[in-house]
Structures are given as C-alpha cells and as structure tokens.
Amino acid sequence: MKKIIKEQAMDKEFQETLKKGFQTWIKERQKGFEEAQREWFPEESEKGFKKGFKKGRQEGQQKGRQEGQQKFQKVILNMLKKKLDISLISEVTGLSKAEIKKLKNSHRTKL
C-alpha cells in the first residue's frame, strides 16, 4: 500500500514538473515570437502599441467622466437631502433648475 501511495505521489510530482516545464516552454516561445515580430515588423508593432495606448487612454477618460458624473450627482442628491433650495443648488453647480428637479424625481426613494 505504501508503495502505491509513493508511486502516486511521484506521478503527481512528475505531472506538476511536466506541466511547469510545458508552461515555461510556451512562455519562452511566445517571448521569442514577440521579439521576432518587433524585429521583422517594427512599424506594425509600433502601430499596435500606439493604437492600444490610445484605446486605453480613451477608455480611462470615459470611465473617469462616468465616475465624476456619479460623484457630482451624489453631491447634488446630498444637497437635496439637506433641504437646500434648488435655486441655490443651481447657482452652485451650474445646472439648470429643470435638470436638478429631474435628478430629484429620478432618485425620490433615496431622498
């Protein structure tokens, strides 16, 4: 029985070693491919980098605008909860009274 358990443990260890070796081999092949691609097609690599960077920046800006808008609305809702006058909120935020009323109506349950 001990021999079987020992063999199974060795099999598992061998499988893990084999798996790690295979993963390392794949990573090295991928690295070699990327280096060759940059060497053989530098302009394509640069275009891809610039395109990816631009897309990432645009997505980041959009997410930032959305988060800013949500925080802005939260501040307005907090002012409404404190029963500040809509005219005052409009003056402070630059939003029209109609926009503030619309926001207030859409969040009535929270107020």
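This report describes the fold, the surface and a few individual residues of the structure shown above.

The model is predicted, so local features are reported at pLDDT of at least 70 and side-chain atom pairs at pLDDT 80 or more, while totals for chains, interfaces and linings use all residues. Residues are numbered from 1 along each chain as its sequence is written, and side-chain values use heavy atoms, with hydrogens and water left out.

**Overall fold**

The protein has four helices and zero strands, in the order α-α-α-α along the sequence; helices (H or I, at least four residues) and strands (E, at least two) are DSSP runs, numbered from the N terminus. Of the 111 residues in the protein, 11% are buried, where buried means under 20% relative accessible area, exposed means over 50%, and partly exposed covers the values in between (1.4 Å probe, protein chains only). Among contacts between residues at least 6 apart in sequence, 32% join residues at least 24 apart, a contact being heavy atoms within 4.5 Å. The protein exposes about 10200 Å², of which carbon and sulfur atoms supply 55%; accessible areas come from the Shrake-Rupley method with a 1.4 Å probe, and for residues only the protein chains shown count as cover.

**Salt bridges**

The structure holds two salt bridges, each defined as a side-chain nitrogen of Lys or Arg within 4 Å of a carboxyl oxygen of Asp or Glu.

| Salt bridge | N to O distance |
|---|---|
| Glutamate 28 and lysine 31 | 3.7 Å |
| Glutamate 59 and lysine 55 | 4.0 Å |

Glutamate 28 and lysine 31 are three residues apart in helix 1 (residues 2–40), which separates them by about one helical turn. Glutamate 28 is partly exposed, with a relative accessible area of 39%, and lysine 31 is likewise partly exposed at 43%. In helix 2 (residues 42–81), glutamate 59 and lysine 55 lie four residues apart, again about one turn of the helix. Here glutamate 59 counts as partly exposed at 45% relative accessible area, whereas lysine 55 is exposed at 51%.

**Surface patches**

Patches are made of residues with over 30% relative accessible area and no salt bridge, like charges being joined within 9 Å and nonpolar side chains (Val, Leu, Ile, Met, Phe, Trp, Tyr) within 5 Å. A nonpolar patch of about 330 Å² is made by Phe22, Trp25 and Ile26; phenylalanine 22 belongs to helix 1 and is partly exposed at 48% relative accessibility. A positive patch is formed by Lys83, Lys97, Lys101, Lys104 and Arg108. For charges, Lys and Arg count as positive and Asp and Glu as negative, while His and the chain ends are not counted, and the place of a charge is taken as NZ of Lys, CZ of Arg, CG of Asp or CD of Glu.

**Individual residues**

Lysine 83, a member of the positive patch, sits in the loop between helix 2 and helix 3 (86–93) and is exposed at 71% relative accessibility. The phi angle of lysine 83 is near 65 degrees, a positive value in a residue other than glycine.

Glutamine 73 is placed in helix 2 and is partly exposed, with a relative accessibility of 28%. Although glutamine 73 and leucine 103 are 30 residues apart along the chain, their C-alpha atoms are separated by 7.8 Å.
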